[in-house]
Amino acid sequence: MQVNHPIDSITAAQTNLRSTYRNGATGVLVSGIVWLTAAGVIYYFSTKQGIWALLVGGALIHPISTLINKMMGLKATTNQDNPLTGLAMEGTIWMLMTIPIAYGLSLLRPEWFFQGMLLIIGGRYLTFRTLYGNNLFWLLGGLLGLSAYGLFTSNMPSLVTTLTGGFIEVCFGLILFYDSPSGKQGRW
């Protein structure tokens with residue numbers, strides 16, 4: 001039986017999240033795989049089906065990540081008194097509220113959906129710096145945002161955008177995974 005210790009500081013709340021979610025690495029890695037899956041769907045089928053692959057896959061990121069974390073022996077939930085879980089939920093709701101904007105962009109040009117989603121997700125990762133206490137999330141969010149802008153201004157097709165997003169997230173997921181294997185504060 002696991003005992004939940006009271007959380008009395010931001011540092012303790014961040015440590016609780018890092019140890020529960022493996023420094024956020026599993027979610028970032030699964031998200032990167034979803035982006036690469038969407039790239040495969042675009043390549044073999046169509047951009048419209050790639051949009052749905054990213055939407056459906058995106059909805060499965062948290063459950064799949066939680067399952068993987070359980071398989072790695074991590075506890076399934078954060079402490080009930082962790083004040084940062086509210087910020088995590090607020091960030092998720094904000095992201096869900098902005099997805100229709102990206103979908104609306106796809107009605108004008110389908111590739112804009114993926115560039116819009118990169119920007120939305122990059123912005124959400126910026127809040128993960130506070131959630132996990134790890135500056136790598138500022139770098140990840142900034143890189144996704146800059147990539148979205150560069151891909152948009154370069155008029156890149158959906159396949160290039162999804163491969164870019166997937167590659168960035170998989171790389172950062174691996175870095176985060178090895179940065180803090182035991183839930184302790186990482187080097188960043």
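Predicted model: local features only at pLDDT ≥ 70, side-chain atom pairs only at ≥ 80, totals over all residues.
Let's start with the whole chain. It has eight helices and zero strands. Read along the sequence, the pattern is α-α-α-α-α-α-α-α. How does the radius of gyration compare with that of a compact globule? For 188 residues, such a globule would come out near 16 Å. The protein chain has 17 Å, so the two agree. The C-alpha atoms fill a box of roughly 50 × 30 × 25 Å, along the principal axes.

Now burial. Of the 188 residues, 44% count as buried. The accessible surface comes to about 9900 Å². Carbon and sulfur atoms account for 70% of that surface.

Next, contacts. Take those between residues at least 6 apart in sequence. Among them, 78% join residues at least 24 apart.

Let's zoom in on helix α4, residues 61–71. Which of its residues are buried? They are Ile61, Ser65, Thr66 and Asn69. Look down the helix axis, and these buried residues fall within an arc of 125°, so they line one face of α4.

What does the buried face pack against? The buried residues of α4 pack against α1, α2 and α3. Now turn to the other side of α4. Leu67 and Met71 are exposed there. After the helix comes glycine 73, with a positive phi, near 90°.

Threonine 26 lies in helix α2, which spans residues 25–44. Is threonine 26 buried or exposed? Its relative accessibility is 5%, and buried means under 20%, so threonine 26 counts as buried. Leaving out residues up to four places away in sequence, threonine 26 touches Tyr21, Ser65, Ile68, Asn69 and Met72. Ser65 and Asn69 are among the buried residues of α4.

Which helices supply at least two residues each? They are α3, α4 and α5.

Beyond residues up to four places away in sequence, tyrosine 103 touches Ile51 and Phe113. Now compare tyrosine 103 with leucine 55. They are 48 residues apart along the chain. Their C-alpha atoms are separated by 9.9 Å.

Last item: charges. How many salt bridges does a search of the whole structure find? It finds one. Glutamate 111 pairs with arginine 109. The closest N and O atoms are 2.5 Å apart. Glutamate 111 is buried, with a relative accessible area of 13%. Arginine 109 is partly exposed, at 29%.

Definitions and conventions: Residues numbered from 1 in each chain as written. Heavy atoms only, no water. Contact = heavy atoms within 4.5 Å. Helix = DSSP H or I, 4+ residues; strand = E, 2+ residues; numbered from the N terminus. Buried < 20%, exposed > 50% of the residue type's maximum accessible area, 1.4 Å probe, protein only. Arc of directions from axis to C-beta. Salt bridge = Lys/Arg side-chain N within 4 Å of Asp/Glu carboxyl O. Rg over C-alpha atoms; globule rule 2.2 N^0.38 Å. Areas by Shrake-Rupley, 256 points an atom, 1.4 Å probe, with all protein chains shown as cover.
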